[in-house]
Amino acid sequence: MNIHPNMNSNFLILLFLSVIALNCNSNKKAKDESFTKTSTGLEYKILKEGNGESAKVGQEVLIHETMSYMNDSLLFDSRTLPNPVKVLVGGSQAIAGVDETLVGMKIGEIKKLIVPPKLSKRKGEHNFPHPDSTLLYEVELIDILELKNRPEAVYFSDNNGETWINKNKGLPESTTISSIATNENTIGILSKAKGVYTFDFQNDSWKSIQTEKVILENNPTAIALLKNNIYVGTQLGGVYYTKDMGEHWEQINEGLDNLTIRRFQNIGQKLFVGTNAGLFSLRANNTIWENEFANNTMQVNGITEFDGNTYIGTTQGAFTSPIGQKDWKKVLSDYTLHNISSDDKHIYAMTYNELLFSTDKGATWQSLQKGLPKELYTFNVIKNGNSVFAGQWDGVYRKNSDYETWQSYSNGLPSNLSLTNMKLFKGTIVVSGNERGLRKGMTTNK
């Protein structure tokens, strides 16, 4: 603004006060929204109350949503689509902020959300909206769908992937399995709706471990078995553990900078946990988490060890440090990783559009995508004997060398199952999955 040198000074004062008043009114308007802030950093306000039962983890719901920048610039409105959006509550099909807010909503309820960047990360979309943006959402719960008999289940293969046997005995008819863990004695799984189960080999059946209601309400995401202890990570409440097979549970969050848990991994004498704000570790028989590599903007989605080093896969690439040290160095840039694993010869980096591998500790990387579906990401990679297995959106794939093309090995698996979890237990390959829900533009074409 150009100001004339002879302009009346009283006018300038009035103009200055008017600008201040406008700013104050603008700030007052923002504060009048009276949002409630959760432990994850999500802020919400109920614009309209709903009726009936509350949505629970493991249920499918129909929603309408709008997404905007904080200046109210509209980015997306689901009402422009032919039908409402179908989402599995707690199934990571929506961004973390929306997934969190759906728990407990009633039909007809409308919420306004302020979603920080760490809760708005989206798979495969790196530039729109800008990943560092705080976003405004408005979510309306249209309907809660009836639970159906879905193909979520656990399958074992004792013949290196040649055939798969359903091992669902003892589990609820319909459940979403969020994680599998093993130790030297048993296999454990984590059901989002029902909690922890361990496998009883004598009866060829799953045994329910009493899991406290508060753990289920906080959306369980990960499980670890360490000696006689069971650890459960949640989306909203951090880590819980039991030393007596579910008789008593304790929350164990001291030292954590963030309570959204992504992954557990045992390395040496430590239990590592990946969160939405970095990597932490817990020594055996300790109850305080140690900061290994914290970063408030970095989501740690995978943890592994290879040749004396710890490796993590994050939303900011892959990093490594010698085991027992905190000398972290980036070994893979320009990719967002949702998981990382290793065997005796390779490190596997699972990005959102390509599977990569390295034979030189991450110094160089090559594509390992040949034979897998295009533009779909691999959930897990494990090795059994001389064979490597990949869990994909349309089942299990196997290969025996670096340059061989992946081949489908899904005999006995449902045709519409996405293999989200995969573990090895004494030569038996254990997998679980969810009903395949490809988003717009996704295809299982090779």
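Modeller: Start with Gln235, which is found in the loop between strand E17 (229-234) and strand E18. The model is predicted. Is Gln235 buried or exposed? Its relative accessible area is 8%, and buried means under 20%, so Gln235 counts as buried. Leaving aside residues up to four places away in sequence, Gln235 touches Thr40, Ala96, Asp99, Glu100, Asn218, Asn219, Thr221, Leu259 and Thr260.

Now take the strands on either side of this loop. E17 and E18 belong to an open sheet of four strands, in the order E16-E17-E18-E19, with antiparallel pairing. Strand E16 (220-226) and strand E19 (250-251) are at the edges; each has a single partner strand, so one side of each is left without a neighbour in the sheet. Thr221, one of the residues that Gln235 touches, falls within the range of E16. Strand E18 covers residues 239-242 and pairs with E19 in the antiparallel sense over two bridges. Within this pairing, Tyr241 has Glu250 of E19 as its bridge partner.

Tyr241 also takes part in a ring pair. The structure holds 13 aromatic pairs. In one of them, the ring centres of Tyr231 and Tyr241 are 5.5 Å apart and the planes are at 15°, so the pair is stacked. Tyr231 lies in strand E17 and Tyr241 in strand E18, so the pair ties together parts that are ten residues apart in sequence. Tyr231 and Tyr241 are both buried.

Another stacked pair is formed by Phe293 and Trp328, with 5.2 Å from centre to centre and 5° between the planes. This pair links distant parts of the chain, 35 residues apart: Phe293 is in strand E23 (residues 290-294), while Trp328 is in the loop between strand E26 (317-322) and strand E27 (329-332). Phe293 and Trp328 are buried as well. Elsewhere, ring pairs join Phe156, Phe199, Phe201, Trp206 and Phe425 into a cluster. Rings also have charged groups over them: Lys111 lies over the face of Tyr44, 4.7 Å from the ring centre, and the charged end of Lys399 sits over the ring of Trp406, 5.4 Å from its centre.

Strand E29 (residues 347-351) and strand E30 form a hairpin with three residues between them, and they pair in the antiparallel sense over four bridges. E30 is also joined to strand E31 (residues 366-367) by two bridges, again antiparallel. Phe357 of E30 is the bridge partner of Tyr348, and Phe357 also stands opposite Gln366 in E31. Both faces of E30 (residues 355-358) are covered: Leu355 and Phe357 are buried on one side, Leu356 and Ser358 on the other.

Last, the chain as a whole. Its secondary structure comes to three helices and 37 strands. Of its 446 residues, 50% count as buried, as Gln235 does. Among contacts with a separation of 6 or more, 50% are between residues 24 or more positions apart. The chain exposes about 21,200 Å², and carbon and sulfur atoms supply 47% of that area.

Technical notes:
Residues numbered from 1 in each chain as written. Predicted model: local features only at pLDDT ≥ 70, side-chain atom pairs only at ≥ 80, totals over all residues. Heavy atoms only, no water. Pairing = 2+ DSSP bridges. Buried < 20%, exposed > 50% of the residue type's maximum accessible area, 1.4 Å probe, protein only. Contact = heavy atoms within 4.5 Å. Areas by Shrake-Rupley, 256 points an atom, 1.4 Å probe, with all protein chains shown as cover. Phe/Tyr/Trp six-rings, centres within 6.5 Å; stacked < 30°, edge-to-face > 60°. Lys NZ or Arg CZ within 6 Å of the ring centre and 35° of its normal.
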